[in-house]
Amino acid sequence: MADDAMNQTETSRAEFWDARYRAHEAPWDPEPNPILEAEAAGLVPGKALEVGCGEGSDAVWLARRGWQVVAVDLSQVALDRGREAAPDASVEWRQADILNWEPPKEAFDLVAAHFLHFSPADRPVVFGRLARAVRPGGRLLYVTHHPLDLQTTLRRPPTPDVLHSAEDVAALLEPKKWEILAQDARPRLVKDSEGNPVTAHDAVLSARRLPG
């Protein structure tokens, strides 16, 4: 979530993101986030929640592999584009703000969220809701920009405290209820706005909710 939209009301944040999506007319990108592809490829399909789904490439990728997907985003424009691009996919498109919306508890085999930006004060609320939505035996997958990226020439949110590590998120989970499968800073080679090669790092948390 962009820093300049974080302190607005839900209505104004939705308008902000609608405007952002309307501002670009690039073709819908069907490619999923590669970390989702790597982490979810071996899972048995069930019910998945994709939070901050944008135009839905991750949600559609999951649906076409047998998952029943609820795809949530603040922008109705983004959701409409995803629905129009993949009308055959088994996806329930839902407009909601995770800061105000509580997903159903213990309802999903996989809860995934990628590149969302929340203030330190909002993180316990957001990740508490995501964690409670995972049923016992299910998986939580969270990916975001690592604070190491602030040491590069990559464009990142102007307020540094919205970036955090996987360990920061893992610390919000109840230890007795979760098995941490991965919490790391995964490097990948990208290009900055000037076309220069840069190593970015993604904070990746993968955790399994323990049965019982």
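Which residues does Ile35 touch, not counting residues up to four places away in sequence? They are Leu141, Val143, Arg186, Asp202 and Val204, where contact means heavy atoms within 4.5 Å.

This is a predicted model, in which local features need pLDDT of at least 70 and side-chain atom pairs count only at pLDDT 80 or more, while totals for chains, interfaces and linings use all residues. Residues are numbered from 1 along each chain as its sequence is written, and side-chain values use heavy atoms, with hydrogens and water left out.

Ile35 is placed in helix H2 (residues 34–40); helices (H or I, at least four residues) and strands (E, at least two) are DSSP runs numbered from the N terminus. With 9% relative accessibility, Ile35 counts as buried, a class defined as under 20% relative accessible area, against over 50% for exposed and in between for partly exposed (1.4 Å probe, protein chains only). Its C-alpha atom is separated by 9.4 Å from that of Arg186, a residue 151 residues apart along the chain. Arg186 is also linked with Glu39 and Asp184 in a network of salt bridges.

The largest nonpolar core has 29 residues, and those with the most contacts inside it are Leu49, Val111, Leu130, Leu140 and Leu205. Such a core is a set of buried Ala, Val, Leu, Ile, Met, Phe, Trp, Tyr and Cys residues joined through side-chain atoms within 4.5 Å. Elements that each supply at least two residues of this core include strand S1 (47–51), strand S4 (108–114), helix H5 (123–132) and strand S7 (197–209). Helix H5 gives the largest share, four residues. Val111 touches Leu49, Leu130, Ala133, Val134, Arg139, Leu140 and Leu141, not counting residues up to four places away in sequence. A second, separate core of 24 residues includes Ala40, Leu43, Ala63 and Ala112.

Leaving aside neighbours within four places in sequence, Arg129 is in contact with Ile98, Leu99, Asn100, Trp101, Glu102 and Pro103.

H5 gives the most to the lining of the second largest pocket, with four residues. Among the lining residues are Glu106, Phe127, Trp178 and Arg209. By class, the lining has five nonpolar, one polar and six charged residues.

**Salt bridges**

The structure holds 14 salt bridges, each a side-chain nitrogen of Lys or Arg within 4 Å of a carboxyl oxygen of Asp or Glu.

| Pair | N to O distance |
|---|---|
| Asp97 and Arg13 | 2.1 Å |
| Arg209 and Glu106 | 3.0 Å |
| Arg156 and Asp149 | 3.0 Å |

Asp97 lies in the loop between strand S3 (91–95) and S4, and Arg13 in helix H1 (residues 10–22), so the pair ties together parts that are 84 residues apart in sequence. Asp97 counts as buried at 2% relative accessibility, and Arg13 is buried with a relative accessible area of 5%.

The salt bridge between Arg209 and Glu106 links distant parts of the chain, with Arg209 in strand S7 and Glu106 in the loop between S3 and S4, 103 residues apart. Arg209 counts as buried at 9% relative accessibility, whereas Glu106 is partly exposed, with a relative accessible area of 39%.

Notes: On a 1 Å grid over the protein atoms alone, a cavity is a set of points where a 1.4 Å probe fits but cannot get out, and a pocket is an open set with protein on both sides within 12 Å along at least five of seven lines; lining residues have an atom within 4 Å of a point. Ala, Val, Leu, Ile, Met, Phe, Trp, Tyr, Cys and Pro count as nonpolar, Asp, Glu, Lys and Arg as charged, and the others, Gly among them, as polar.
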